[in-house]
Amino acid sequence: MKENLKEKLLYIQTLGCAMNVRDSEHIIAELKDENYKLTDDITQADLILINTCSVREKPVHKLFSEIGGFEKNKKVGAKIGVLGCTASHLGKDIIKRAPYVDFVLGARNTSKIKQALKTTKFVSTDINYDDSEYAFKEFRSSPYKAFVNITIGCDKKCTYCIVPQTRGDEISIPLNLILAEVEKAAKNGAKEIFLLGQNVNNYGRRFSNSHEKVDFSDLLNRVSGISGVERIRFTSPHPLHMDDKFLDTFVNNPKICKSMHMPLQSGSSEILKAMKRGYTKEWFLDRALKLRKLCPEVSISTDIIVAYPGESDEDFADTMDVIEQVKFEQIFSFKFSPRPLTFAANLEMIDDEIASKRLTTLQNRHNEILDEIMSAQMGKTHSVYFEELRADGMVGGRSFSNFSVMVKGSEELLGTTRDVIITQPKRMALIGELV
């Protein structure tokens with residue numbers, strides 16, 4: 001028997017987006033070959049990993065604070081590895097500042113985890129390393145839904161965003177690999193498939209090698225044809241690529257959940273131009289309002305950056321105007337935060353008092369809109385796919401249009417789709433009873 005078959009314990013902390021969640025799942029799957037088993041107890045772990053995010057504020061400070069805590073609490077001989085986007089842009093500097101870190105693996109280098117484990121002070125942060133055709137081993141955090149990467153990297157040049165500097169140029173994963181992964185997940189009981197990419201609706205623009213010509217709408221239809229797949233979600237589409245074919249597919253394919261994430265960022269055409277987003281306020285409104293017309297049951301979520309450098313009162317008023325017209329079901333809103341390696345990091349920031357006031361104005365108004373939306377769900381019936389057993393005796397799931405819904409119940413509901421009548425609408429969730 002090989003020495004490395006002795007069971008070892010893995011502790012992994014995942015920060016940031018769903019793509020990081022999937023990267024962590026890939027890491028866990030690959031480490032099965034090294035006989036690692038997951039643990040929640042950091043003091044017992046033989047390997048401690050942190051999968052980092054660079055998108056929000058102060059990720060560097062948070063990283064060194066976290067790994068300093070890991071070093072204090074780890075058992076003798078345990079290794080520490082830093083992964084993900086912050087690893088991509090700091091690279092070997094992480095080991096210089098924290099010499100107790102054993103290896104650093106950038107966001108585009110996930111498939112090198114075994115090599116990293118076996119190489120002293122291994123550092124790999126090539127943002128254009130291509131593992132788009134690498135078939136990762138299988139691990140899912142949930143048996144009820146499956147995250148599936150369809151692209152890696154991003155070709156957009158948004159002035160505020162560090163992602164292209166940490167995940168490299170956009171490459172689409174071959175269709176046959178995606179379909180094979182979905183088929184395997186569905187056979188293992190995952191009824192909901194969640195397709196992931198920085199700009200999913202740009203799928204098919206570039207592959208590593210010659211492949212069948214296919215776009216995102218074609219991919220959605222192919223995935224929906226797989227036996228066992230009942231629901232399809234995806235994130236994040238880019239407003240620039242929301243052509244009529246894509247909207248028609250979204251509306252008319254009965255397996256595609258009727259929730260759309262449309263990252264606005266700003267309602268001002270001038271600020272959108274400064275951000276290099278590639279679309280105008282008018283284009284965004286045209287797409288969002290057409291979607292509302294074609295699919296009245298759709299829920300639309302968005303991202304908004306308040307107080308981007310140069311944003312005037314009039315620019316902010318344009319953002320508020322889009323909120324009034326679209327009436328988003330969910331908004332992820334933040335004050336502008338300069339990210340390293342981005343053009344906007346060198347721009348003069350707006351006074352924090354003004355930025356905070358604008359953010360509060362936006363969030364307060366959206367809360368009013370959200371209260372209206374949620375109150376209107378009273379007495380309505382939603383089809384809910386249950387996937388979470390809570391400690392308070394409630395079972396949680398998502399409606400077809402992405403409302404969080406909870407009912408009293410037991411684990412027998414998990415993995416089932418049931419009709420629920422809403423009896424108590426709340427701002428963050430709907431409480432109901434099984435029909």
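User: Why is lysine 74 called partly exposed?

Analyst: Lysine 74 has a relative accessibility of 22%. Buried means under 20% relative accessible area, exposed means over 50%, and partly exposed is what lies in between (1.4 Å probe, protein chains only). Lysine 74 therefore counts as partly exposed at 22%. The model is a predicted one, in which local features need pLDDT of at least 70 and side-chain atom pairs count only at pLDDT 80 or more, while totals for chains, interfaces and linings use all residues. Residues are numbered from 1 along each chain as its sequence is written, and side-chain values use heavy atoms, with hydrogens and water left out.

User: What makes the pair of lysine 74 and glutamate 71 a salt bridge?

Analyst: The closest N and O atoms of lysine 74 and glutamate 71 are 3.8 Å apart. A salt bridge requires a side-chain nitrogen of Lys or Arg within 4 Å of a carboxyl oxygen of Asp or Glu, and the pair is accordingly listed as one. Glutamate 71, with a relative accessible area of 29%, is also partly exposed.

User: What are the distance and the surroundings of the salt bridge between arginine 427 and aspartate 371?

Analyst: The closest N and O atoms of arginine 427 and aspartate 371 are 2.9 Å apart. This pair links distant parts of the chain, 56 residues apart: arginine 427 is in the loop between strand E18 (417-425) and strand E19 (430-434), and aspartate 371 is in helix H13. Helices (H or I, at least four residues) and strands (E, at least two) are DSSP runs, numbered from the N terminus. Arginine 427 has a relative accessible area of 37% and is therefore partly exposed; aspartate 371, with 29%, is partly exposed as well.

User: How do you know that the salt bridge of arginine 167 and aspartate 23 ties together separate parts of the sequence?

Analyst: The two side chains meet at 3.1 Å, N to O. Arginine 167 lies in helix H6 (residues 163-167) and aspartate 23 in helix H1 (residues 18-31), so the pair ties together parts that are 144 residues apart in sequence. Both arginine 167 and aspartate 23 are buried. The whole structure holds 31 salt bridges, and a network of them links Arg22, Glu25, Glu138, Arg140 and Glu181.

User: Why is leucine 341 called exposed?

Analyst: The relative accessibility of leucine 341 is 51%, so this residue counts as exposed. Leucine 341 also has a positive phi, near 70°, and is found in the loop between strand E14 (330-335) and helix H13 (352-375).

User: What makes the protein as compact as a globular protein of its length?

Analyst: The protein contains 13 helices and 19 strands. Its radius of gyration is 22 Å, close to the 22 Å that the globule rule gives for 435 residues, so the protein is as compact as a globular protein of that length. The radius is taken over C-alpha atoms, and the rule is 2.2 Å times the number of residues to the power 0.38. Buried residues make up 54% of the 435.
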